[in-house]
Amino acid sequence: MKTLKYIWRNVMRNKLRTTLTILSIGFSLALMTVLHGFMVTQSAWGDEAKKYNRIVALNIQGFSGRLPIAYVEKVRGMEGIVDAVPYAWYGGLYKDEAQMSFAQFATDAEHAFNVWDEFKITPDEHKAWLADKQGCVADRTLAEQQGWKLGDKIPLRSTFYTFPLDLNLVGFFDAPNNTGQIWFHWKYLDEGLRNTNARGDGNAGMLYAKTRTAAVIPDLVKKIDAEYASSEHPVRTQTEAAFAQMFSDMMGNVQGFIQSIGIAVVFSLSLVAANAMAMSMRERTTEIAVLKAIGFPRSRVMRMILGESCLIALLGGILGVSIGCAFLELGHRANPQLFAFGVKALVGPWMLVLLAVSAGIGLVSGIVPSVRAAQLSVIDGLRRVV
């Protein structure tokens, strides 16, 4: 207990230096927390998708290719399929905003909640959506963030389609996590495009289908791909989890990039912390000599100095992980398409690893000063000030 008290008093002895060291470690660890949290989000998205037995089909050329709407009805009638819907990204800008702040998808109001059966909507609001050609439903969390109420108008001008939308908000759906999406009638968009002779009519965008069991998915994937393999618009079908992984793959070897950044950050932080500890030891040469003169063994001197460096680094790690988690939560609220999960869903061993890394930085940075202090003779220590 006396040793811990001594360590704490030394940590607080030079508050400015300690604070700056903690902040330098904290902000660097905050960056690492955000980067690792983003990667965990991508993995969690794929794991979450595995629960719901959904498959996704899109043109073999990717998002730029056309997927005829007739495919949806054909897939819906296949053995093993519960339901299927079109799912076309609109990419609209709300009112005067310069950047898209939420996602909008054209789908089938009658079948959408059969495909996403974990999403909940009241029967009255679903009925209102079915009855209103320009109606739309929004994720309740998104609606609360935007301050929307039932009956509000949601005008959208697309960056992709030439047909603007004038939507009526008629309902909210509750999803396990904030999707940041609104859904509107695919037919409303399609009719608008056809009436204005604009490109993109008859295109389902993507096809989402719910299967009866996970066991039938491999056969269905092969069957759907084979069905349209020789057509003008061949498709590539995959599980929703594989679809989620595809987005991670599109970003390249981000994990390797993050690991490289992490190694560089840990190395630089070790040097910063080591410099701070070395300065601290130089100032306390006499004190260490006195401690050894009154009987403190070398091992205890080493433990005290290593404990001090580890404590400072660990405080920086706690600060950094806390700041990083705050950024992840803000990212989830501001852009749930990119950060699909809040911090509560991301809590895991990786956070403890980051704290362990911070403690490791303290341990590494304290080795040289602690060894030098342990080897310091009483005479040499006292001679420096006498």
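**Exercise 1. Which helix gives the most to the nonpolar patch, and which residues make the patch?**

Solution. Helix H12 (residues 298–334) is the main contributor, with three residues. Helices here are DSSP runs (H or I, at least four residues), strands are runs of E (at least two), and both are numbered from the N terminus. The model is predicted: local features need pLDDT of at least 70, side-chain atom pairs count only at pLDDT 80 or more, and totals for chains, interfaces and linings use all residues. Residues are numbered from 1 along each chain as its sequence is written, and side-chain values use heavy atoms, with hydrogens and water left out.

Next, the members: Trp8, Met12, Leu314, Leu315 and Ile318 form a nonpolar surface patch of about 400 Å². Patch residues have over 30% relative accessible area and no salt bridge; nonpolar side chains (Val, Leu, Ile, Met, Phe, Trp, Tyr) are joined within 5 Å, like charges within 9 Å. A salt bridge is a side-chain nitrogen of Lys or Arg within 4 Å of a carboxyl oxygen of Asp or Glu. Areas come from the Shrake-Rupley method with a 1.4 Å probe, and for residues only the protein chains shown count as cover.

**Exercise 2. Why does tryptophan 8 count as partly exposed?**

Solution. Start with its place: tryptophan 8 lies in helix H1 (residues 2–11). Tryptophan 8 counts as partly exposed because its relative accessibility is 45%. Buried means under 20%, exposed over 50%, and partly exposed in between.

**Exercise 3. What is the secondary structure of residues 257–278 and 350–374?**

Solution. UniProt, in an unreviewed entry, lists both spans as "transmembrane region", together with 310–330. Such annotations may be inferred rather than shown by experiment; feature names are shortened, and positions follow the numbering used here. Residues 257–278 are 100% helix and 0% strand, with end C-alpha atoms 32 Å apart. Residues 350–374 are also 100% helix and 0% strand, with an end separation of 35 Å between C-alpha atoms.

Technical notes:
Buried means under 20% relative accessible area, exposed over 50%, partly exposed in between (1.4 Å probe, protein chains only).
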